[in-house]
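Biologist: Before we use any terms for this entry, I would like to see what each one rests on.

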Amino acid sequence: MSTDLWCLVIHALWGVALIQLEVFGKTRAAGLAWNIGNRDAEPKFPDWVNRTGRALANHKENFPLFLTAVLVVHVSGAEDHTTAIASVVYVVARFAHGIVYVAGITRLRSLCFIVGAIAILVLLSRLRFT
């Protein structure tokens with residue numbers, strides 16, 4: 001399996017980790033009864049838990065872009081050393097994005113987002129439209 005596809009799998013697993021972190025934080029703050037209940041009332045969660053939810057939402061919004069880029073590059077046979085590096089950079093940037101988002105470090109979070117966006121553009125730049 002190519003580096004690009006491995007990065008896709010790792011990035012998907014990072015999404016699972018973000019889900020679990022949010023669930024852990026909410027359950028710890030609101031209790032197990034809230035978690036297994038209907039959740040009709042939303043308690044006040046700590047700021048880091050709310051940021052985890054936003055980091056997860058951002059992950060869900062950006063995952064299809066990376067998925068599409070990797071799959072199109074793979075199917076078209078355009079995978080190369082550059083796409084492998086771009087995929088690794090994307091995964092590292094998005095991992096860092098999630099960590100700094102939860103930690104509340106705003107400027108570094110934005111930088112990580114931009115690096116990830118550029119990595120997707122680099123992936124797509126390897127496509128040949130002939």
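This is a predicted model: local features need pLDDT of at least 70, side-chain atom pairs count only at pLDDT 80 or more; totals for chains, interfaces and linings use all residues.

Modeller: Residues are numbered from 1 along each chain as its sequence is written, and side-chain values use heavy atoms, without hydrogens and water.

Biologist: Why is Met 1 called exposed?

Modeller: Exposed means over 50% relative accessible area, buried under 20%, and partly exposed in between (1.4 Å probe, protein chains only). Met 1 has 61% relative accessibility, so Met 1 counts as exposed. Met 1 is found in the segment before α1 (3-30).

Biologist: What makes Met 1, Trp 6, Val 9, Ile 10, Leu 13 and Val 16 a patch?

Modeller: A nonpolar patch joins side chains of Val, Leu, Ile, Met, Phe, Trp or Tyr within 5 Å, from residues with over 30% relative accessible area and no salt bridge. A salt bridge would be a side-chain nitrogen of Lys or Arg within 4 Å of a carboxyl oxygen of Asp or Glu. Together, the six named residues have about 610 Å² of accessible area, by the Shrake-Rupley method with a 1.4 Å probe.

Biologist: How many helices and strands does the protein chain have?

Modeller: The protein chain has 5 helices and 0 strands. Helices are DSSP runs of H or I with at least four residues, and strands are runs of E with at least two.

Biologist: What share of the protein chain is buried?

Modeller: Buried residues are 38% of the 130 residues.

Definitions and conventions. Patches are made of residues with over 30% relative accessible area and no salt bridge: like charges are joined within 9 Å, nonpolar side chains (Val, Leu, Ile, Met, Phe, Trp, Tyr) within 5 Å.
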